[in-house]
Amino acid sequence: MGSHAHAHDNIDWPSRLTELRRADLLTATARAEVAARLVDDSVRTVIDMGSGSGGWASSFAEALRAAGKPGAIVVLVDAVPDLLAAAEESVRAVAGAEIEVVVVHGDAADPELARRLPAADLIWASHVVHHLPDERQGVRNLAASLAPGGRLALAEGGLPSRFLANDLGVGEPGLQQRLDVANTQWFKAMRAEMSGSIPLTEGWSSVLRGVGLVDVTAFSYLFDRPAPLSDADRTTVIDRVRWLRDTTEGWCSAEDTALLDRMLDPGDQLSLVDREDLFWLQANTVHLGRRPLA
């Protein structure tokens, strides 16, 4: 069994570590703005649940330092050891001596996880809960790790990313819209294959209220990189197209899969390497709930 064996979604996350780190570079500005918004005067202990390659935890460590909170704590939690090690390396590089970094190998699906974690003023979970078999129970497990008055921030949903012109001059226009549909079908199948998977048939705000959180609200933020992209951002777009090509095969038409293959071939005239009109625009939503004081 590989080091990704504890991921419920059966995705080989360690093999994607380089891609995840490149995406961290693209999203750094937006992450910093979100982290600064969430690290208010009440926050000294932050848990990053499903810390991945460490981009978000690094942003929270930087926000805590900027807010002048020596002795604050950033807790990294992930079920994949390779990702946890990578995240620790990234976060310690920015935390300095002022911010304590705690590393916990754990699974948000584990109802006993809260016993291994410090009580948190803020728990951040970005696109993590939807990879759990029972999403509602996962949120309940996270809420159990909150200190009284602490907030849970779930980054889930929003609007799909856009990075291609609508008409590429080859194939039918609207490729990305068709890929959205195919990706939804892949995601449905991925969840159906999880052991113990339970459908979630209500919105995140209802889920937060259902586990006992109050002051439930939400906000959205953008990842926005207009054309022309830097070489690094272009590579991140190509990473995303490669991911879509792999996950949507069999869920989209053979013509669209062949078009994606051409776009990913550096020697093809349709190669994304040569397109100057690539961009990245995506809206993510953060759902917030607070644990009551009593």
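Is Glu100 buried, partly exposed or exposed? With 42% relative accessibility, Glu100 counts as partly exposed. Here are some notes to read beside the model, which is a predicted one.

1. **Glu100 and its surroundings.** Glu100 belongs to strand S3. Leaving out residues up to four places away in sequence, Glu100 touches Ala72, Ile73 and Val74.

2. Seven strands form an open sheet with mixed pairing, in the order S3-S2-S1-S4-S5-S7-S6. Strand S3 (100-105) and strand S6 (214-225) are at its edges; each has a single partner strand, so one side of each has no neighbour in the sheet. From one strand to the next, the twist averages 20°.

3. **S4 beside S5.** Strand S4 (residues 120-126) and strand S5 (residues 146-162) run parallel and are joined by six bridges. Within this pair, Trp124 is found opposite Ala153 of S5. Helix H2 (residues 28-38) packs on the sheet, where it touches S4, S5, S6 and strand S7 (280-290). The direction of H2 makes about 160° with that of S6.

4. **Two nonpolar cores.** The largest nonpolar core contains 53 residues, and Leu38, Phe60 and Trp124 have the most contacts inside it. Helix H3 (residues 55-66) gives the most to this core, contributing six residues. Take Leu38 as a way in: setting aside neighbours within four places in sequence, Leu38 is in contact with Val43, Phe60, Leu122, Trp124, Arg151, Ala153, Phe219 and Leu288. Another core lies apart from the largest one; it has 27 residues, including Ile47, Ile73, Ala108 and Leu213.

5. In helix H9 (residues 254-263), the buried residues are Asp256, Thr257, Leu259, Leu260 and Met263. Why do they count as lying on the same side of H9? They cover an arc of only 160° around the axis, which puts them on the same side of the helix. The face turned away from that buried side carries Ala254 and Glu255, both exposed. Helix H6 (175-192) and helix H8 (231-248) are among the elements that cover the buried residues of H9.

6. **Helix H8.** A quick check on length: at 1.5 Å a residue, the 18 residues of H8 should span 26 Å, and the end C-alpha atoms are 26 Å apart, which agrees. The buried residues of H8 include Val237, Ile238, Val241, Trp243 and Leu244, and also Asp233, Arg234, Asp239 and Arg245. The partners against which the buried residues of H8 pack are helix H1 (17-26), H6, S6, H9 and S7. Just after H8, Gly250 has a positive phi of about 90°.

7. **A cis peptide bond.** Do have a look at the loop between S6 and H8, where Pro228 is found. The peptide bond joining Ala227 and Pro228 is cis, with omega about -5°.

8. **Positive phi away from glycine.** What is the phi of His127? It is positive, about 50°, although His127 is not a glycine. His127 is in the loop between S4 and helix H5 (135-143), and at 28% relative accessibility it counts as partly exposed. Asp215 also has a positive phi, near 50°, and is a residue other than glycine. Asp215 is part of strand S6, and its relative accessibility of 57% makes it count as exposed.

9. **The segment after S7.** One last stop is Leu293, found in the segment after S7. Is Leu293 buried or exposed? At 71% relative accessibility, Leu293 counts as exposed. Leu293 does touch Pro148 and Gly149, residues up to four places away in sequence not being counted.

Conventions: Residues are numbered from 1 along each chain as its sequence is written. This is a predicted model: local features need pLDDT of at least 70, side-chain atom pairs count only at pLDDT 80 or more; totals for chains, interfaces and linings use all residues. Side-chain values use heavy atoms; hydrogens and water are left out. Two strands pair if DSSP finds at least two bridges between them. Helices (H or I, at least four residues) and strands (E, at least two) are DSSP runs, numbered from the N terminus. Axes are lines fitted to C-alpha atoms, for helices over the stretch in contact, and angles run from 0 to 180 degrees between N-to-C directions. Contact means heavy atoms within 4.5 Å. A nonpolar core is a set of buried Ala, Val, Leu, Ile, Met, Phe, Trp, Tyr and Cys residues joined through side-chain atoms within 4.5 Å. Buried means under 20% relative accessible area, exposed over 50%, partly exposed in between (1.4 Å probe, protein chains only). The arc is that of the directions from the helix axis to the C-beta atoms. The expected span of a helix is 1.5 Å times one less than its number of residues.
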